[in-house]
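Hello,

Here is the structure I promised to send you. Please open it alongside this email so that you can find each part as you read.

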Amino acid sequence: MLYVFAIYIAVTVATGLALLLVWRHDRKQSFTALLGLSLVPSLCLILMVKGIGSLSGRHVPRRHLQVLFVALLLAHGALMGRDMSLAQAGSATINITISLIVANWLRKQGPGERFTGILLVLAGINQFNFVFHPGDAGAMTQTAVATVLRLLLAMALMYAALTRSAEAGQRVRDRFFQLTDRSPQGVAVVIDDHAVYINPAFRSIYGMDRVDQAPRVFSPEWLNLTTPLAARKPIHQLLAQVNNGSLPLAEWEGDRTALDGRHLYLRFKAWHVEWDGEPALQVVVSDDTAQHEAARALIWHATHDELTGLLNRSALLQRLRELYDNAEQPAFALILLDVDRFKLFNDAHGPAVGDEVLKALSTQLLHTLGERAELMRLGEDEFALLLVSPDTQAVAHQLTQDIQALLTQPLTLSAHRFFLDVSMGVALHPGVATSPYALLQAANAAMLAAKRLPGTSVQWATEAGRNGLAAFFDAEQALRAGFENDEFTLVYQPKVGAAGHRLVGFEALVRWDRPGIGRISPMEFIPAAERNGLIVPLGAIILTQACRQLAQWRDAGLPLVPVAVNVSPLQLLDAQFPAAVMNTLAQFQLSPQWLTLEITETAAVAHMDQAREQISQLRQQGVDVALDDFGTGFSSLNMLRSLPLHTVKIDRSLIDPMPESHAVAVVKAICDLATVLDLDVVAEGVETESHALAALAAGCHALQGYHFARPLDVPEATQWLQAHG
């Protein structure tokens, strides 16, 4: 009897420990721990219910377990207080009842779980052996059967635990494959240069589904087909470092070729893994082909001209910086080439023909240059040639001669044949510049100098030429700043009557007081203002200052005389100019009779229709208009007759030779013509008494020149007005 009971105890402990070890190996199988502990008699049923609940997926609340535990204690206590046999029968009945409940929980589970339920019911039934066969024989039979059932129960539970662990492992494996199979990144597991797993994205990236036979992935044949030769050895070295553990993660990228011939740009990551117990590499491949091509396109557009495909100004500056940064400082030359009168092609034939001209010219230049120089397009009609050679000057000289020879032949297009002229400026290094921008500036100055020569011409850059262009550019920039800083002022040159020399008016002349330099002559800054369009705001400043000065003289009680203001051709082209003049007069409450506008003969001829319309509007408002510089080359009776003028001013070039007879005759003819047309005549450039007498004799009405007064500042002009008004 004791021997059988000892075996039962040993089996019970062993199976309990076995279940606890299963739980320790896989903590997710919590039912094994609960059922292993249920071997303790006082906790047997409670832990069994909790454990079977966990095995069947049911949650048994703690409160229910506490109620069950108390109920069992009370039931056992009540039964034991009456009769041992009755207590034994009651306990067996309770165990069978609970076993049937939990067996019902397990009936929809797997085979191991259902077998466990049957064993629990049999264990409950086995307790009746002692009831029906009291004594040692019944106890021995019950213990022997319980030992066998306990052993079978432990085996069933371990089988269920192992089955569930296997299912959990399979779920993890399935989840991994679902993630990798649907991943947009290619995934491969490699053992000894051969892939044991590749996902669909990897196949798609490399085009493996588009070819009949694909080589084994990562085999030497695979690398020969997909990877550039220069990249194969570095990749093998990286992977070897990952394999030996010296590098936890390897990353690389580069151009690749798909098995179906497509060009790819791929990024790779690789790290060490175990696969079925063997060391392996997991490789993740990202296809960055689209992004890389987009980046390449952006870089191309940033450094190339879209029309011709040539490198652009940005690329030229980068190339020059590289040359200047070179420690050996190689000799090189920059040639700027600009197509002369290119605007004519667009104006005469449209921009499409102009584009065709530029493309054809770039093709011809590339053919002529060969390998001797790089050709770039910097702007609409401007190209650059960059050559690097020990004998830079000789090569540059030969290139410019070859281009001149090329352009002696017509440029043949699809529907036209054109002869072109270009202007070329050559700057050498070492030589005139010590930086990329200075070299470009020097070549540009030489090219502008070449534009002043006829035909296809070449000029070589010098330090003086570059400095001159820099000074010109600085002057233009300073001119713009002058408007913001109110650096312009007016001086006033008197006009006097030819007879009696009484003051009859002033001409307002603009001067520029440039900080740090002093007063600048209008001969220096007026042409620059006309070139960059600043003459229009400058004209508005002159008109405003002249009207303000007239108002100040009036408010001071001085007698007023008309003040003449020069008008630029660009102002005449503005349809709103007459209204602007009248608004300025109204601003200072001035009568139009005190303002005279002077237009040049050249401007009147170039814009006859606009000039006639503008002058007519001004005359209707009471503003006198004078034709300045008459006699400089465009004079005609028709012009004087067509324009509603008030005054004609004879240019100083006709006054200077007086009193020579032929000069007097010319001036007298103009005065006679003016008399017929009812025009006043002013002689400019009167510098001597003989000039004054001859002009009076020829019929001039008013005189202006150094013989009477130089241009006066405001205080001096005020004194003149007081003394001669």
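Predicted model: local features only at pLDDT ≥ 70, side-chain atom pairs only at ≥ 80, totals over all residues.

Residues are numbered from 1 along each chain as its sequence is written, and side-chain values use heavy atoms, with hydrogens and water left out.

Let's begin with helix 20, residues 535–555. Helices are DSSP runs of H or I with at least four residues, strands are E runs of at least two, and both are numbered from the N terminus. The expected span is 1.5 Å times one less than the number of residues. For the 21 residues of helix 20 this gives 30 Å, and the end C-alpha atoms are 30 Å apart, so the two agree. Its buried residues (under 20% relative accessible area, 1.4 Å probe, protein chains only) include I535, L538 and W553. After helix 20 comes G557, with a positive phi near 85°.

Now look at helix 29 (residues 714–724), where A717, T718, W720 and L721 are buried. These cover an arc of only 160° around the axis (taken from the directions from the helix axis to the C-beta atoms), so they lie on the same side of helix 29. P715, Q719, Q722 and A723, on the other side, are exposed, meaning over 50% relative accessible area. The cover over the buried residues includes strand 13, strand 14 and helix 20, with contact meaning heavy atoms within 4.5 Å.

Finally, L570 sits in helix 21 (residues 569–572). L570 counts as partly exposed because its relative accessibility is 37%, between the two cut-offs above.

Happy exploring!
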